[in-house]
Amino acid sequence: MRMRRSFATLALVCTVSACDGDHHGHEHPHPHGADAEAPHAAHGDMLSHDPGAAGHPEDSAEHGHGGGVVVTDFTPYTELFVEFPPLAVGRESPFAAHFTRLEDFRPVSAGQAIVRLEGDGAGATFSACPSPTPGIFRPVVIPKAAGERRLLVELKTDAWTSVHDLGSVTIYADPAAADAALPEEAESPGLIPFLKEQQWQLDFATAAVVRRSLSRSVAAPAELAPLPSADIPVVAPTAGFVVPAAERLPELGAPVATGDVLVRVVPRLGGADDRAALAAEAAGARAVFEAAHLERVRLAGLVEEGAVAPHRLESAQADERSAEARLAAVRARLAALQGGAGAGSGFAVRAPGGGRVVDVRVRPGAFVEAGTEILRISDDARLRLTARVAEFDAVDMGKPQGLWFTVAGRDAIYESGALNGRLVAALTTIDPVTRTAPVVFEFDNPGGRLRPGMGVQAHLRTATTFEGPAVPVSALVDDAGKDVVFVMVDGENWERRIVEVALRDGGYAGIRTGLEPGERVVSRGAYLVHLAASGPAAAGHGHAH
């Protein structure tokens, strides 16, 4: 019978000197300090006595199994899967410590592994550098005194230190007593071996079963679009010929900023906006303004002398302001046509807002009328999603509580809450043709990863919730129509278990029956374990050499 026992774990963060060799049997006082009392984060430790070394061939020297005791333990940094014989005074007990980095579930290939035996005011420390097999460290423990000890396995790297507190261990007075203490254990026929060397070479990961609050979702097709205020048409300010502002017209997808010159429109010769005509108009407007100014000054003097009525001065002031405004307008048109020093000819058409060019509707040299749309800019920093909910689902759906969606061809799941999303409108009317109701959300689009016009599959959260154990959706395998997960028994052995899924919400599935919080399942590579259950060859079963 396989035995399991849970322990508390702890982690320390510090620097480490270079690994310069193994140290055996170093007995010394070893106060662990304040850090030893710090509680550890989530753990899922497993200890068993296994004469068969967890199903590995005992002559596999490369794998380096210690046999006897098998422990799996987790800290925030690493998973430790370690095998070692029962400890006896004076006997060498080789540890086969497999360290997996939880950040990416790859083997730890650098650092120093340290085994500590603590108790009775003294400690023994045994260490080892990495073995030729990445991820495996082989310290050899030689206890010098019998009794109960606290067993810690520590991994020090230059970046961090991970301490696995494996709890109490018994050191026997002699090897015979140690070996006799091991219970007879028959290998469970339902266990599926999947070795660390296999896991490290594949896209593989595990995840703890945790209690979550999940929501039932209504699926609906949806489309992404820019916000109405962010979809900006750029039109010709006057009739004329379109010429590039630079070497070519803006290209689709090109980023633009507010005020950038996009194109120029050169008026037809002899037209109202021809350069010569505008220059003549500007000169005439200036003459009118100067005459109005002089008349206003003359009348002001006469009013002071009482020679004319004040209302004539007021009329002259109004004429001066009107002439000045007309002169300013003509000068502005002429300046826009000239485009400033060193610029090309024609009216400069500037971007009224920032974003990306999403449509170019003219070619260089084309003639356009005033008001004709030349191109279109869309700011995709924030997008709007419109989902079409089937009439059948809309009846009882209520107000959506949130949204998650997927894009065809991508594994990513997008959560509106993580994207600063908000509900704009929901289920306002039923379309008489499509028999659907619109639900509109808007959200941030960091990095422009999503594009307007994309079709997506939306999932609108309802008020119906599930509270209970949950696992990543990727942990589920469809096995002949049944949802199956693979539960960790120890670091290299797994149990196939049928579960009942209550609902799926985003990247998680709520489990009604079959799992309990604290257990651990394969979250990536579950299908490979499924193949291993069918036969070792199907999943590439074997040791690394």
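A charge is said to sit over a ring if NZ of Lys or CZ of Arg is within 6 Å of the ring centre and within 35 degrees of the ring normal. With that in mind, select Arg 212 and Tyr 508: the charged end of Arg 212 sits over the ring of Tyr 508, 3.8 Å from its centre. Then try Arg 520 and Phe 74, where the charged end of the arginine sits over the ring at 3.9 Å from the centre.

A word on the ground rules: this is a predicted model, in which local features need pLDDT of at least 70, side-chain atom pairs count only at pLDDT 80 or more, and totals for chains, interfaces and linings use all residues. Residues are numbered from 1 along each chain as its sequence is written, and side-chain values use heavy atoms, with hydrogens and water left out.

**The whole chain**

Colour by secondary structure and you have six helices and 38 strands. Here helices (H or I, at least four residues) and strands (E, at least two) are DSSP runs, numbered from the N terminus. Of the 545 residues, 46% count as buried; buried means under 20% relative accessible area, exposed over 50%, and partly exposed in between (1.4 Å probe, protein chains only).

**Strands around Tyr 508**

Go back to Tyr 508, which is the bridge partner of Pro 472. Strands S32 (residues 455-472) and S37 (residues 508-513) run antiparallel and are joined by three bridges; two strands pair if DSSP finds at least two bridges between them. S37 also pairs with S36 (residues 500-505), again antiparallel, over five bridges. Select Glu 500 to see Thr 513 of S37 opposite. Between S36 and S37 the hairpin has two residues, and Gly 506 takes a positive phi near 65°.

**A four-strand sheet**

Next, show the open sheet with the order S23-S22-S20-S25 and antiparallel pairing. Strands S23 (347-350) and S25 (367-368) stand at the edges with a single partner strand each, so one side of each is left without a neighbour in the sheet. S20 (residues 240-244) and S25 pair over two bridges, and Phe 241 stands opposite Phe 367.

**Aromatic pairs**

How many aromatic pairs does a search of the whole structure find? It finds eight, counting rings of Phe, Tyr and Trp (its six-membered ring) with centres within 6.5 Å; planes under 30 degrees apart count as stacked, over 60 as edge-to-face and the rest as tilted. Select Tyr 77 and Trp 160, a stacked pair at 5.3 Å centre to centre with 10° between the planes. Tyr 77 lies in the loop between S4 (68-74) and S5 (78-84) and Trp 160 in the loop between S14 (147-156) and S15 (161-172), so the pair ties together parts 83 residues apart in sequence. Tyr 77 is partly exposed at 28%, while Trp 160 is buried at 14%.

Now move to Phe 405 and Phe 443: their centres are 5.3 Å apart and their planes at 35°, so this pair is tilted. Phe 405 is in strand S28 (residues 402-407) and Phe 443 in S31, 38 residues apart. Phe 405 is buried at 0% relative accessibility, and so is Phe 443 at 0%.

**Last stop: Glu 442**

Stay in S31 (residues 436-444) and select Glu 442. Is this residue buried or exposed? Glu 442 is buried, with a relative accessible area of 8%. Its side chain makes a polar contact of 3.1 Å with that of Arg 384; such a contact is a pair of N or O atoms within 3.5 Å, where within protein one must be able to donate a hydrogen and the other to accept it, and residues adjacent in sequence count only if both atoms are side-chain atoms.
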